[in-house]
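Reader: I would like to learn how to read a structure one feature at a time. Where do we begin?

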Amino acid sequence: MTRAAFGQNFIADAPLTIVACTDNKISRRYGDRGAHLYAIQDVSASIMNMMLVAHELGLGTVWVGAFDEWQVFEILDMPQNLRPVAIIPVGYPAKIPSAPRRVTKSEAVEIR
Ligand SMILES: Cc1cc2nc3c(=O)[nH]c(=O)nc-3n(C[C@H](O)[C@H](O)[C@H](O)COP(=O)(O)O)c2cc1C
């Protein structure tokens, strides 16, 4: 899995790795927009919720989006209806980093 994710070694250190996928058996129900947009949004929301629950439990996660999806598809021998969207290694963090700088409210929000 590390190789498929362009050498991001920390994936191999994690005791658990979740691969979050879209499922075109479900997403096709809503036509083209469902298959290409809603499906990604659905999975992204579930990833975020998983990461928040993990954090609440004292676990650390990383959202890994940089990977060769065909390699992941092959490694896990996935059925054709699934498309891997993110790899999420889960483990106990070795250290708690300080929060990075955030954009300000005025940088993030545009009111018209
Ligand atoms: C779509 C997406 C893809 C990401 N891909 C990677 C990745 O491949 N490798 C990685 O170390 N972090 C990846 N991250 C994590 C970010 O680098 C960052 O750590 C995370 O979004 C937390 O942001 P923050 O530092 O602003 O809290 C990704 C995040 C997102 C949202």
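Predicted model: local features only at pLDDT ≥ 70, side-chain atom pairs only at ≥ 80, totals over all residues.

Reader: Where in the chain does aspartate 77 lie?

Author: Aspartate 77 lies in the loop between α4 (69–75) and β3.

Reader: What should I look for in its backbone?

Author: Most residues other than glycine have a negative phi. Aspartate 77 is not a glycine, yet its phi is positive, near 50 degrees. Phenylalanine 6 is another non-glycine residue with a positive phi, of about 55 degrees. Phenylalanine 6 sits in the segment before α1 (10–13).

Reader: Is phenylalanine 6 buried or exposed?

Author: Phenylalanine 6 counts as exposed because it has 11 C-beta neighbours inside 10 Å.

Reader: Which residues make up the largest nonpolar core?

Author: A core is built from buried nonpolar residues joined to one another. Here the largest has 8 residues: Ala4, Ala5, Ile11, Cys21, Phe67, Val85, Ala86 and Ile87. Strand β3 (residues 82–91) contributes the most to this core, with 3 residues. Leaving out residues up to four places away in sequence, phenylalanine 67 touches Ala4, Ala5, Phe6, Val72 and Ile87.

Reader: How do I read a helix such as α3?

Author: Compare its span with the expected one, then check for bends. Helix α3 (residues 31–56) has 26 residues and reaches 36 Å from its first C-alpha to its last, close to the 38 Å expected at 1.5 Å a residue. There is a bend of about 40 degrees in α3 at tyrosine 38. Of the 26 residues of α3, the number buried is 1, so this helix lies largely in the open. Glycine 58 follows α3 and has a positive phi, near 85 degrees.

Reader: Which residues surround the ligand?

Author: List the shell, then sort it by class. The ligand is surrounded by Gln8, Val62, Trp63, Val64, Gly65, Ala66 and Pro100. This shell has 5 nonpolar and 2 polar residues, and no charged ones.

Reader: How many helices and strands does the protein chain have?

Author: The protein chain has 5 helices and 3 strands. From the N terminus, the order is α-β-α-α-β-α-β-α. Of the 112 residues of the chain, 12% count as buried.

Conventions: Residues numbered from 1 in each chain as written. Near = placed C-beta within 6 Å. Nonpolar A, V, L, I, M, F, W, Y, C, P; charged D, E, K, R; others polar. Core = buried A, V, L, I, M, F, W, Y, C linked by C-beta atoms within 7 Å. Buried ≥ 20, exposed ≤ 12 C-beta atoms within 10 Å, placed from the backbone. Helix = DSSP H or I, 4+ residues; strand = E, 2+ residues; numbered from the N terminus. Contact = placed C-beta atoms within 7 Å. Expected span 1.5 Å × (residues − 1). Bend = angle between axes of the 7 residues up to and from the residue.
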